[in-house]
Amino acid sequence: MSRVWEDALTEADRTVIVKGGYGTERGLGNNPALVIIDTQHNYVGAKKPITDQLDEWPSGGGQGAWDAIGKIKELRELAYENEIPVIYTRNVQKKTINFDSFAVKAKRDNSKYIDGRPETEIVDELEPRESDLVVDKSYASAFFGTPFISYLIKMGVDSLIIVGGSTSGCVRATAVDAVTHNFNVAVVEDGVYDRIELSHKAGLLDLWMKYCDVLPSEKVEEYIKKVGEGRESRFINL
């Protein structure tokens, strides 16, 4: 199966990967959660080529983000069907102080990123259900300065299926922190997006080489169904 980063590799890179033993699968556990990262208007943007929507949505992913959202929606419905918890994150600022280091670095107008603004809300296509958890954060990782890990422990989660954006930013930071906290992690290759193609490819390559599994949505769908079947098999009719 061709991977999105393969055309960016040199022959030397390929040799390093093979001889270094990189990219082997870690595997996933029996109690996953689907984690949907920052699918907010600010970070998704408009259904247009990314360069055509930058004036309105300077941090939006454009059409690439919307392509991924189609896959995310399918995975979310499958998670609901198989009783897998769904957790959203929102990157928001609670005050006019710039806690978000990315916002400071980008030198953008941050008024649209303050909690309560419509631009900070999750897009309608992925509107959370009442039963879903929504974790607000002000930095890249869902773990930093939030109760995220407490929720995961309380729910007995052992694996995270991560989707959303951006690949090289909040997705990568959350995945690395999750592995650091000894969770199994799969990033869905066609369920994440970025603003820069090189960042997207490099982010996925780095995660696949050193930290977690990077899987196509088809394999993740198979895994979710197996988890659901396993749960059904544990019920005993009396």
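Author: Let us begin with how an angle is read here: axes are lines fitted to C-alpha atoms, and angles run from 0 to 180 degrees between N-to-C directions. Please keep in mind throughout that this is a predicted model.

Reader: With that convention, which strands does H6 lie across, and at about what angle does H6 run to E4?

Author: Helix H6 lies across E1, E3, E4 and E5, and its direction is at about 170° to that of E4.

Reader: What is the order of the strands in the open sheet, and which strands stand at the edges?

Author: The open sheet has 6 strands in the order E3-E2-E1-E4-E5-E6, and the pairing is parallel. Strand E3 (133-137) and strand E6 (213-215) stand at the edges, where each has a single partner strand, so one side of each is left without a neighbour in the sheet. From one strand to the next, the twist averages 25°.

Reader: How many bridges join E4 to E5, and over how many bridges do E5 and E6 pair?

Author: E4 and E5 run parallel and are joined by 6 bridges, with Leu160 having Val185 in E5 as its bridge partner. Strand E5 (residues 184-193) pairs with E6 over 3 bridges, again in the parallel sense, and there Val188 stands opposite Leu215 in E6.

Reader: How many of the residues of E5 are buried?

Author: As a general idea, the side chains of a regular strand alternate between the two faces of the sheet. In the present case E5 is mostly covered, with 8 of its 10 residues buried.

Reader: Why are H6 and H7 described as roughly parallel to each other?

Author: The term rests on a cut-off, because angles under 35 degrees count as roughly parallel. The axes of helix H6 (residues 167-180) and helix H7 (residues 197-210) cross at roughly 15° and come within 9 Å, and the two helices are therefore roughly parallel to each other. Their crossing is right-handed. On the H6 side, the residues that meet H7 are Thr167, Ser168, Arg172, Ala175 and Val176, while H7 contributes Ser199, His200, Gly203, Leu204, Asp206 and Leu207. By class, this contact has 4 nonpolar, 5 polar and 2 charged residues.

Notes: Residues numbered from 1 in each chain as written. Predicted model: local features only at pLDDT ≥ 70, side-chain atom pairs only at ≥ 80, totals over all residues. Heavy atoms only, no water. Helix = DSSP H or I, 4+ residues; strand = E, 2+ residues; numbered from the N terminus. Parallel < 35°, antiparallel > 145°, perpendicular 65-115°, else oblique. Left-handed = near helix turned anticlockwise from the far one by under 90°. Contact = heavy atoms within 4.5 Å. Nonpolar A, V, L, I, M, F, W, Y, C, P; charged D, E, K, R; others polar. Pairing = 2+ DSSP bridges. Buried < 20%, exposed > 50% of the residue type's maximum accessible area, 1.4 Å probe, protein only.
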